[in-house]
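Reader: Hi! Could you walk me through this model before I get to my own notes?
Author: Happy to, here it is.

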Amino acid sequence: MNENKLQDFKDDFSLLIEAGFVAVKQLDEISATRIFQAAQALSPKSTAPQIGLGYIALNKLEIKQAVKIFESVVAQEPDNHLAQTFLGMCFLLNKPKRKKGEKLIRDTMEKTTDPTIKSLGEISLEWAEKDLKSKDKLAPFFTKEKDEEDEEVVEESGKKTK
């Protein structure tokens, strides 16, 4: 490819990354993956496309894949607070590693000056506290008590059934 044309695409690298995240938000995994791969081809040393691919995996709840990607990014860029926060979120979803995830997110929130990452960390920790830690709380589909299920139900015809 002509070097000038390639430079035009490199100038739009950040737009590709943003477009990839928009595609993820719109649940268009195929387009998001292709966009992040194109961005990686334009800038092979950048970790931003890898974070995008990890975000796709996280959204699909492919936690092992997401952890692998985010750990790779953190190994390359130890101060990448976004990757650290996403990695912490992955750990939150893995019960044995939940405490590790909380610590990683809290530590990252202390280190970063980026308000967006601080907000993401706060929301993640709040979500973990509210939805993941509530041991006594049943999922909405299972909120009926056992006694209610065993009670006789009166049908419209007036017959009692079990």
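Author: We can start with the overall fold and then go through some side chains.

Reader: Great. Anything I should know about how the values were made?
Author: This is a predicted model, where local features need pLDDT of at least 70 and side-chain atom pairs count only at pLDDT 80 or more, while totals for chains, interfaces and linings use all residues. Residues are numbered from 1 along each chain as its sequence is written, and side-chain values use heavy atoms, leaving out hydrogens and water.

Reader: How many helices and strands does the protein have?
Author: The protein has nine helices and two strands. Helices (H or I, at least four residues) and strands (E, at least two) are DSSP runs, numbered from the N terminus. The order from the N terminus is α-α-α-α-α-α-α-α-α-β-β.

Reader: And where is confidence lowest, and where highest?
Author: Helix H9 (residues 146-150) is lowest, at a mean of 46, and helix H5 (residues 63-76) is highest, at 97. Those are pLDDT values, the predictor's confidence in each residue, from 0 to 100. The protein averages 85, and 78% of the residues score at least 70. Over residues 145-155, pLDDT stays under 50. Where pLDDT is low, the predicted coordinates should not be read in detail.

Reader: Noted. Switching to charges: how many salt bridges does the count come to?
Author: The count comes to three salt bridges, each being a side-chain nitrogen of Lys or Arg within 4 Å of a carboxyl oxygen of Asp or Glu. In one of them, Lys60 pairs with Glu29, with the closest N and O atoms 2.7 Å apart. Because Lys60 lies in the loop between helix H4 (48-59) and H5 and Glu29 in helix H3, this pair ties together parts that are 31 residues apart in sequence.

Reader: Nice. Is Gln40 buried or exposed?
Author: Gln40 is buried, with a relative accessible area of 17%. Buried means under 20% relative accessible area, exposed over 50%, and partly exposed in between (1.4 Å probe, protein chains only). Gln40 sits in helix H3 (residues 29-42).

Reader: What does the side chain of Gln40 make a polar contact with?
Author: The partner is the side chain of Gln50, at 2.9 Å. A polar contact is a pair of N or O atoms within 3.5 Å; within protein, one must be able to donate a hydrogen and the other to accept it, and residues adjacent in sequence count only if both atoms are side-chain atoms. The Gln40 side chain also reaches the backbone oxygen of Pro44 at 3.0 Å.

Reader: One more residue, then: where is His81, and what does the His81 side chain pair with?
Author: His81 is in helix H6, and the His81 side chain makes a polar contact with the side chain of Thr112 at 3.3 Å. His81 is buried, with a relative accessible area of 17%. Leaving aside neighbours within four places in sequence, His81 is in contact (heavy atoms within 4.5 Å) with Thr108, Lys111, Thr112 and Ile117.
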